[in-house]
Structures are given as structure tokens and as C-alpha cells.
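Okay, thanks everyone, let's get going.

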Amino acid sequence: MTPARSRALAAATLTALLVTAAPTTPAHAAPDPPHIAGDHTVPIYSYADAVRESVQVETPTDADGDGVRDRVVVDLVRPREAAQAGVRVPVIMDASPYYHCCGRGNESERKTYDANGVITKAPLYYDNWFVPRGYAFAAVDLAGTARSTGCQDVGGRAEVAGAKAVVDWLNGRARGFTLDGRPVSASWSTGRVGMIGKSWDGSVANGVAATGVRGLETIVPISAISSWYDYQRYHGLLRASDYPAYLHQVVNGRPAEACAALLARLRAESGEETGDYNAYWAERDYRRSVGQVRASVLVAHGVNDLNVTTGQFARWWDALADRHVPRKLWLYQAGHEDPFDVRRAEWVATLHRWFDYWLQGLSNGVMREPRATLETAPGVWTEERDWPAPGTRHVRVALGAGDGTTGTLGGRGASRGVVRAYTDESLTEPQVVTEPTTARAGRLVFLSGALTTPLRISGTPSVRLRIKVDRPTTALSARLVDYGTAERIQHRTSEGVRTLPTESCWGESTELDDACYRDTAEITAVTDHGVLTRGWLDAAHHRSLRFASPLRPDRWYTVTLPLNAYDAVLPAGHVLGLVLAQSDPGFTETDDRDATVSVDLGRSALTLPVTGGATLPPVTVAPDVVTAPAPSTGRAAPPDRRQLPDRS
């Protein structure tokens with residue numbers, strides 16, 4: 001398909017998605033700017049002739065300790081005709097550490113510049129699509145990255161303050177300079193800003209929103225972090241050693257010696273030797289300041305994201321809901337992906353209407369529509385009033401003794417006084433979840449009967465365990481597993497999406513910055529089981545994440561192991577499984593191995609967020625569960641769990 005044909009098809013699709021009845025304009029109202037047609041913006045400005053410029057914005061921090069305030073570089077693309085006509089425009093902003101080191105999007109695009117240092121290509125389609133429609137686009141290099149000064153403090157004060165300073169500059173409250181040092185203002189801006197970005201970029205948007213800065217009208221965090229502790233620590237367990245330093249070094253754009261002191265502080269203050277939540281992590285916990293959020297929020301996240309896990313969006317979403325923040329949500333079956341690469345036309349249409357409403361002030365009905373857009377199975381989409389699904393209730397599911405090989409989910413009283421023990425074997429995930437009716441050292445498996453009706457899980461499950469441990473601590477892990485044949489997204493290695501040879505175009509192009517991107521499709525396969533959600537806990541942190549409480553071997557303890565949020569429908573005939581293990585080499589790193597854990601089944605239970613009248617039937621006979629053969633036993637070499645909070 002040619003780019004011209006792709007553009008035509010994309011335009012036709014989006015026209016159908018965008019057009020709604022135009023509101024009546026009062027007689028006394030000022031005339032709309034030319035890029036507004038009723039209830040939506042239209043592409044009337046030349047992208048090729050747009051103003052392209054770079055500005056250094058002064059921040060309030062001095063992260064590199066050189067005695068001079070840091071400056072972040074903002075590369076701008078904005079409509080020239082609007083500026084010449086005195087029409088002010090709002091700003092869509094993507095603040096990122098990746099523009100120089102790693103690139104953005106499925107094709108890892110980087111910024112490019114001409115001989116004078118003026119931007120000629122901004123990654124992604126935001127400028128191509130929105131600048132002709134009366135927006136400016138700002139691509140911000142975070143402090144310590146690319147052409148910005150300062151040092152990268154990985155989610156900390158300098159990072160957030162630098163991006164916030166750009167919002168302040170766009171509203172006349174911070175100083176800006178041309179690259180040769182002349183003062184410059186943003187007189188062309190309305191001051192209304194929307195931040196967007198995937199992964200680390202979206203995390204910055206969350207952090208800036210939590211400052212309550214005026215002028216930030218909306219944010220669109222995609223697969224984003226709301227607490228850096230929860231990203232690098234799983235309830236007291238290390239995800240990987242030396243993680244803050246690793247992230248800093250990957251994106252750092254300064255000479256190593258300029259940021260050596262800050263790097264040493266990252267290592268010292270993050271408390272790797274304890275796993276505790278301390279002041280370092282509190283600074284990087286944006287949920288602590290959710291009460292200051294003024295911006296509306298459009299959240300997008302893959303329910304199978306194993307990089308930025310779903311607890312990041314769910315706890316942020318719940319906190320926003322408690323404070324009645326205007327919000328919408330997209331959930332899809334893929335892993336760490338942008339919805340642009342999952343459901344392209346519908347996502348661009350949603351984004352267009354969202355920014356038109358919050359930044360252009362157009363009454364297009366987007367906030368009267370269902371709050372949640374969900375992909376419930378590969379390619380199957382629905383909309384609901386809210387999330388978790390309305391009517392969700394938390395059901396306590398007992399752990400039954402079963403036949404001694406496999407326990408049961410559901411039933412009453414059968415497990416009173418029953419204790420089952422297992423010793424850590426550092427099993428990989430395939431070893432943990434396959435062949436659930438076969439006895440295997442290092443795990444406990446509990447299965448429901450075959451479902452008689454579909455079961456909808458929507459929200460955050462948890463497991464409450466009454467345990468006794470023969471060591472001061474151990475890792476605890478839990479998984480919910482759907483046993484039954486179905487077509488599922490394959491997300492473990494590919495994030496569930498593959499790149500196709502065709503492309504489609506989203507906006508206007510220049511010779512140096514085209515708006516065309518390779519199409520994508522979901523990767524699916526028919527499998528006999530699928531892990532729904534996972535959770536991890538350092539047992540010594542069962543009382544508090546702020547300090548460890550070593551366990552005594554002669555004492556019983558009650559611990560709660562939260563699992564990551566999920567949304568799924570298990571079909572009738574499938575079996576729900578809960579699998580308990582200890583150290584988890586695929587996801588966490590620990591030296592505390594080889595403990596034996598005893599579990600009092602009668603005082604332990606799974607708490608499951610479910611909707612409707614579906615219940616878990618008790619097991620009357622051994623469930624007919626067929627899964628792939630187990631992989632070879634034995635401890636695998638631990639993988640490097642350090643990831644960028646992005647696929648790039």
C-alpha cells in the first residue's frame with residue numbers, strides 16, 4: 001500500500017470516528033480560530049512550514065552541583081500561520097530521557113537536527129498529526145540527557161522539576177533562552193499543556209501532574225510508573241541489583257565525571273541492602289501527592305505488561321478516583337505496548353478528541369462516554385462505565401486440602417487444621433505452572449472445579465497466608481493461572497505485537513520527518529493455559545515496607561501477598577489455579593533461598609475481585625487439566641532482570 005493510499009484510508013477512518021454534532025456557538029462568543037470546525041480541530045496549517053526551534057528552560061535544581069541551575073532543552077514544532085495571525089495554540093508535550101540514547105516508538109525513532117542544531121525530525125506522530133490542527137508539540141530532553149544540562153536522577157526531584165519548569169515557561173513563570181543565550185518567551189502559547197508518553201515518558205507526566213502545576217490540563221500516561229519503588233522493588237524484593245545506577249547510565253548524556261556524585265547517591269540512598277521503602281523512594285512515589293493533581297488523566301496500559309506491571313496504573317487509577325479526578329482508561333491484552341501499536345485508528349481518534357476537549361475547550365462529548373475501553377480477548381473490545389467493572393465484589397476463596405498432590409479452590413471447612421509445606425527450589429515460571437496435578441517440589445497448587453459459567457475477574461486479587469518459616473525470611477510468589485484451551489496474546493518475549501511490512505500514515509510529512517509507520521498486529525496462539533497475574537513479597541516485609549521484621553521459626557505469621565491488577569473473562573469449562581512458590585528467578589533477585597514454608601490452609605485464602613453471579617465450583621473429582629509438559633528441572637542461571645521502562 002502506498003503512503004498516499006494509507007493516508008487516505010487513515011483520514012477516512014478517523015473522519016468517521018471523530019465527527020459528532022457541532023455545538024451551537026452563542027452570538028456573543030468570539031469567532032473560533034480557523035483550525036476549529038464545530039466540535040473538532042482540522043488540519044489547515046502547513047506542517048512543512050511550521051516553526052521549528054529549540055529553547056533552553058531554566059529549572060530550579062542543580063543536579064550536577066556545578067553552582068548553576070540546570071537547563072532542559074525543548075525542541076518545538078508549531079504552526080507558523082497561527083503565529084503570524086496572532087492565534088495562540090496549546091501544547092502537547094512529551095518529556096523523555098530516550099530521544100538521544102534509545103529512540104521512541106516501535107521503530108525507535110530519534111531526534112535529528114540540521115547543521116545549526118534546529119530540529120528536523122521529532123519522533124512519533126504527535127507533531128505530524130496535531131501541529132496542522134492548531135497545536136504545538138514540545139519534545140523535552142530530561143535533565144542530564146541529550147542536550148540538557150544537569151544529571152539524571154531516575155524519577156527524582158531534578159527529573160520532575162525540569163519537566164515542570166517547561167510547563168511554567170509556557171505559562172510565563174520560568175526563564176527560557178535560545179541556544180545562543182538570548183531570553184525567549186512563549187508568547188505564542190495559550191499556556192494549556194497536555195503531557196503524553198509511554199513508559200518513562202508517561203511516568204514523568206504522572207510526576208509533573210502530582211506537583212499540581214497550573215497550566216497542565218491533562219496527561220496521557222501510557223504503560224507508566226506511578227511509584228518507582230514498585231518498579232524496582234516487589235514488596236521488599238529486589239527486581240535486580242544496581243537498578244537505579246543502570247537506568248541512569250543508559251540514558252545519561254553527560255560526561256560520567258559530571259554526574260559521579262549523583263550516581264553515588266543513587267546507589268547509597270536507594271537502600272539495596274534492605275529493600276526498604278525509604279525517603280529515596282518516597283521522593284519518587286507520585287501517588288503520595290495525588291491530592292495535588294489538577295490535570296485530567298487518560299490512562300493506557302497492557303494487562304500483560306511485565307515491565308511496568310499493572311499495579312502501577314491500578315493504584316494510581318484508584319487514588320485518582322477517590323479524588324474525583326476526570327479520567328478515562330484503555331486496557332488491552334498486549335504487554336508493554338503503546339495503544340498506537342494495538343488499535344491504531346481508534347486510539348488516534350480518542351487522543352484527538354481528548355486533546356480537543358481538554359486543550360482546545362471543544363464540547364465533543366468525550367467525557368460523557370463510558371470511562372473504560374477494554375480488550376477482553378484478542379481483538380475483542382468493549383466499553384464499560386468504569387473500572388474495575390461496575391458490580392465487582394471481592395470474594396474470599398478458601399484453600400482446600402485436595403488429594404495431597406493438588407489442593408482445591410473453593411469449598412468450606414475441608415482444610416481446617418491442614419498444614420502443607422514446601423521448600424524453595426527456585427523454579428522458573430514454566431516449572432511452576434505446568435502440569436498442575438503432578439506433585440512437584442517447590443510449589444503448592446490449588447485448583448477450582450471446571451467453571452460452569454464464565455468468570456470475570458476485574459481488579460486486584462490478593463492471597464492471605466498463615467505461614468511458618470524456618471528461616472528469617474524468604475521470597476514468596478503467587479500466580480493465578482487460567483487452565484483451558486484458548487487463543488491468547490503471546491506477550492512474554494514480544495510484548496504481544498509484531499511489526500508488519502505495510503505502513504500507514506498519521507498526519508503530514510516532510511522529506512525529513514514522515515508521518516508513516518509500519519503497521520502492527522497482535523501475536524496470538526492457541527495454548528492450554530495462561531498466567532493471568534503474579535505477585536511477590538519478601539516475607540520479612542510482611543508488616544511494613546519501611547522496615548524488615550525477621551521471622552522466628554517457632555511462630556505463625558499472617559501475611560498478605562498482593563497480586564497485580566488484571567481484567568479477564570475465564571470461559572465456562574476452564575479451571576482457575578492458584579500456584580504458590582518462593583524465589584522467582586525470572587522476576588526477582590534474592591540470596592534468601594532454601595527456606596521451608598508451612599501453610600495453614602484453613603486460615604489462608606485467595607481474595608478474588610469478580611463480577612456477576614459466577615462462583616468457583618468446588619472440586620468433586622480431579623479436574624481434567626491438560627497443560628504442556630514441564631521443562632527440565634534444576635535451577636536455571638538467573639537472567640538479567642534490569643529493563644528500561646520501555647521496550648526500546
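Let me start with a question: is C102 buried or exposed? C102 is buried, because its relative accessible area is 11%, and the cut-off for buried is under 20%. One thing to keep in mind throughout is that this is a predicted model.

So who is C102 paired with? A disulfide joins C102 to C101, with an S to S distance of 2.4 Å. C101 comes out as partly exposed, because its relative accessibility is 22%. As for handedness, the torsion about the S-S bond of C101 and C102 is about -100°, so this disulfide is left-handed.

Now, that's one of 3 disulfides that a search of the whole structure turns up. Next on my list is C151 with C259, where the sulfur atoms sit 2.1 Å apart. The link of C151 and C259 is left-handed, with -95° about the S-S bond.

C505 belongs to strand β26 (residues 497–505) and C516 to strand β27 (residues 516–522), and the two cysteines are 11 residues apart. Both C505 and C516 are buried.

If you number the bonded cysteines in sequence order, the pairing reads 1-2, 3-4, 5-6.

The largest pocket has a volume of about 710 Å³. It has 30 lining residues, and the closest to the centre are R488, I489, H529, G530 and V531.

Which elements supply at least two residues of that lining? Those are β17 (372–377), α13 (429–433), β25 (475–489), β28 (524–538) and β30 (566–570). The element that gives the most to the lining is β28, with 7 residues. And by class, the lining of the largest pocket splits into 13 nonpolar, 9 polar and 8 charged residues.

That's my part, happy to take questions.

Conventions. Residues are numbered from 1 along each chain as its sequence is written. This is a predicted model: local features need pLDDT of at least 70, side-chain atom pairs count only at pLDDT 80 or more; totals for chains, interfaces and linings use all residues. Side-chain values use heavy atoms; hydrogens and water are left out. A disulfide is a pair of cysteine sulfur atoms within 2.5 Å. Buried means under 20% relative accessible area, exposed over 50%, partly exposed in between (1.4 Å probe, protein chains only). Helices (H or I, at least four residues) and strands (E, at least two) are DSSP runs, numbered from the N terminus. On a 1 Å grid over the protein atoms alone, a cavity is a set of points where a 1.4 Å probe fits but cannot get out, and a pocket is an open set with protein on both sides within 12 Å along at least five of seven lines; lining residues have an atom within 4 Å of a point. Grid points are joined across faces, edges and corners, and a volume is the space filled by probe spheres set on the points. Ala, Val, Leu, Ile, Met, Phe, Trp, Tyr, Cys and Pro count as nonpolar, Asp, Glu, Lys and Arg as charged, and the others, Gly among them, as polar.
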